[in-house]
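Subject: Structure handover

Dear colleague,

Here is the structure we spoke about.

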Amino acid sequence: MLGLNIAAKPLFGLGLQVGLMRKSLVAGNWKMNGNSASIEELVAGILAGAGSSPAEVLVCPPHVYLAQVAAALCDSNVKLGAQDVSVEASGAFTGDVSASMLKDMGCSYVLVGHSERRAIHGESSVLVAQKFVAAQNEGLISVLCVGETLEEREAGNTVAVVSEQFEAVLDLAGIDAMKNAVLAYEPVWAIGTGKTASAEQAQEVHAQLRAVAAARSVEVADGMQILYGGSVKPSNAVELFAMADIDGGLIGGASLQAKDFLGICAAG
């Protein structure tokens, strides 16, 4: 299972006698930011401090900079991921990038279902599930993103929304697929807004997501990494990551500054 070889987080407490622990992961999603010069500087800054991070470290640059970042990371423990993937393996799909291409560029992870893909590009939970399977078929570790809007939260539909998004993948890929995948809860209302769910609010949703997995397999649920994404900063990362079911973060804006990103990694 992913990340179960190093003690870090207590298990979910469902009675599973495996004696293993989950390791934290901090992933930087650079979105559509940077140029070759700024990315060179950012990677150098991250590499200068990532070796001492208690968490696993992942960066997800724009597609056009994957080769540059892969070359810079080649002798490090920092992992490389992409921000999106096509459901198609190859063919006449202008502008799309396949899972095999990402793997060829050195990626080991890929984000699927980010709220901006769902909202701006109209990606449905069914399409996200298909992308998840396409990535996994090529040996990539999907970081599956789920989350609710402010309107959905205020209507009391948070659990229903995130559960539906998660279960769409479980229905297509099966629960065992989560042995080699990561789940990320990102409340849409807290992305880039400066608002952050309290540690208790985030923990509540993370615990519910783990329970959704546990209904299908306690073993998989106990080992599954669940990240929190939503205006995580060095100042709030320690409190968030201390929660029993929060296993690190999916970081947006703060991942564009090496000092801030490393400060979050240090909280892992």
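Helices (H or I, at least four residues) are DSSP runs, numbered from the N terminus. This is a predicted model: local features need pLDDT of at least 70, side-chain atom pairs count only at pLDDT 80 or more, and totals for chains, interfaces and linings use all residues. Residues are numbered from 1 along each chain as its sequence is written, and side-chain values use heavy atoms, without hydrogens and water.

Largest pocket

A pocket is an open set of points on a 1 Å grid over the protein atoms alone, where a 1.4 Å probe fits, with protein on both sides within 12 Å along at least five of seven lines; lining residues have an atom within 4 Å of a point. The largest pocket holds about 570 Å³ of space. It is lined by 24 residues, of which H63, Q83, D84, R117 and H121 are the closest to its centre. Helices α4 (115-120) and α5 (125-137) each supply at least two lining residues, and α4 gives the largest share, 3 residues. By type, the lining divides into 10 nonpolar, 7 polar and 7 charged residues.

Helix pair

Helix α1 (residues 36-50) packs against helix α2 (residues 66-73) at an angle of about 30°, and their axes are 10 Å apart. The two are therefore roughly parallel to each other (angles under 35 degrees count as such). In the contact (heavy atoms within 4.5 Å), α1 contributes S36, I39, E40, V43 and L47, and α2 contributes Q68, V69, A72 and L73. These residues divide into 6 nonpolar, 2 polar and 1 charged.

Regards

How values were computed:
Axes fitted to C-alpha atoms, helices over the stretch in contact; angles between N-to-C directions. Parallel < 35°, antiparallel > 145°, perpendicular 65-115°, else oblique. Nonpolar A, V, L, I, M, F, W, Y, C, P; charged D, E, K, R; others polar. Points joined across faces, edges and corners; volume = space filled by probe spheres on them.
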